[in-house]
Amino acid sequence: MSEPASADMVISVRDVTLTLGTASAATEILKRIDLDVIRGTSVALLGPSGSGKSSLMAVLSGLERAGGGQVHVAGLDFGTLDEDGLARARRGRIGIVLQAFHLLPTMTALENVAVPMELAGMSDAFERAEAELGAVGLAHRLTHYPTQLSGGEQQRVAIARALGPRPDLVFADEPTGNLDATTGASIMDLLFDRRAATGATLIIITHDPLLAARCDRIVELGDGRIVADRLR
């Protein structure tokens with residue numbers, strides 16, 4: 001049996017591997033990763049395309065099951081959970097912001113933020129969603145649909161949706177990849193501000209050293225391994 005993760009650690013993984021494909025087509029994506037992340041910090045997973053950073057995020061967020069090793073996240077042992085258990089583990093504990101936004105086109109901004117919280121059993125979902133959208137500067141866009149919002153506004157909705165449940169962990173995977181430089185910079189300012197306000201641990205997946213430098217810590221990946229780990 002593995003040792004329980006320290007209460008100060010929101011992430012603690014040991015010897016984590018991930019292989020995709022089967023037989024002759026199998027590709028080793030993650031190669032014996034060890035990583036601890038202190039609660040409340042900001043960490044950049046930095047590396048070029050194909051380095052394994054998005055795959056590591058998928059394992060840490062429970063979207064992908066590790067092939068081997070121990071994965072403790074937000075006080076839970078992911079290795080003991082089935083797919084339904086992993087989905088329940090994410091609910092309220094883990095928020096995810098992606099570059100493609102992934103807003104539901106038939107729902108308003110308010111509904112996109114509130115409905116996931118309502119489905120998770122939060123009785124104040126719509127009140128909380130309205131407050132969170134106000135915090136990201138969209139109090140005047142509550143009833144607008146995604147097609148009526150700019151790219152930057154859609155990403156603000158995605159940030160509100162991720163942070164609304166007050167998760168322990170927020171993952172942001174290339175969150176400015178679909179935005180122009182000016183809008184992207186404002187979105188990152190907002191993401192860091194909201195993280196500071198909520199106390200969440202922020203993990204940013206990026207290939208941009210300038211963005212990584214804004215984090216407390218930079219973990220650099222190459223060929224499925226951690227090749228550097230440094231405090232800013």
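Tutor: Gly152, Gln155, Arg156, Ile159 and Leu163 in H5 meet Thr183, Ser186, Ile187, Leu190, Leu191, Arg194 and Thr198 in H6; contact means heavy atoms within 4.5 Å. The model is predicted: local features need pLDDT of at least 70, side-chain atom pairs count only at pLDDT 80 or more, and totals for chains, interfaces and linings use all residues. Residues are numbered from 1 along each chain as its sequence is written, and side-chain values use heavy atoms, with hydrogens and water left out.

Student: What makes a residue in the contact of H5 with H6 nonpolar, polar or charged?

Tutor: Ala, Val, Leu, Ile, Met, Phe, Trp, Tyr, Cys and Pro count as nonpolar, Asp, Glu, Lys and Arg as charged, and the others, Gly among them, as polar. On that basis the contact of H5 with H6 has five nonpolar, five polar and two charged residues.

Student: Why are H5 and H6 called roughly parallel?

Tutor: H5 and helix H6 (residues 181-198) pack at an angle of about 15°, their axes 10 Å apart. Axes are lines fitted to C-alpha atoms, for helices over the stretch in contact, and angles run from 0 to 180 degrees between N-to-C directions. Angles under 35 degrees count as roughly parallel, over 145 as roughly antiparallel, 65 to 115 as roughly perpendicular and the rest as oblique. H5 and H6 are therefore roughly parallel.

Student: Why are H3 and H4 called oblique?

Tutor: The axes of H3 and H4 come within 8 Å and cross at roughly 135°. H3 and H4 are therefore oblique to each other. By class, the contact of H3 with H4 has nine nonpolar, no polar and four charged residues.

Student: Which residues of H3 are buried?

Tutor: In helix H3 (residues 109-119), the buried residues are Ala109, Leu110, Asn112, Val113, Ala114, Val115 and Met117. Buried means under 20% relative accessible area, exposed over 50%, partly exposed in between (1.4 Å probe, protein chains only). The buried residues of H3 pack against helix H4 (125-135) and helix H5 (151-163).

Student: What makes S2 and S5 edge strands?

Tutor: Four strands form an open sheet in the order S2-S1-S4-S5, with antiparallel pairing. Strand S2 (27-38) and strand S5 (76-77) are the edge strands, as each pairs on one side only.

Student: How do you know that S1 and S2 pair?

Tutor: Two strands pair if DSSP finds at least two bridges between them. Strand S1 (residues 9-20) and S2 have eight bridges, in the antiparallel sense.

Technical notes
Helices (H or I, at least four residues) and strands (E, at least two) are DSSP runs, numbered from the N terminus.
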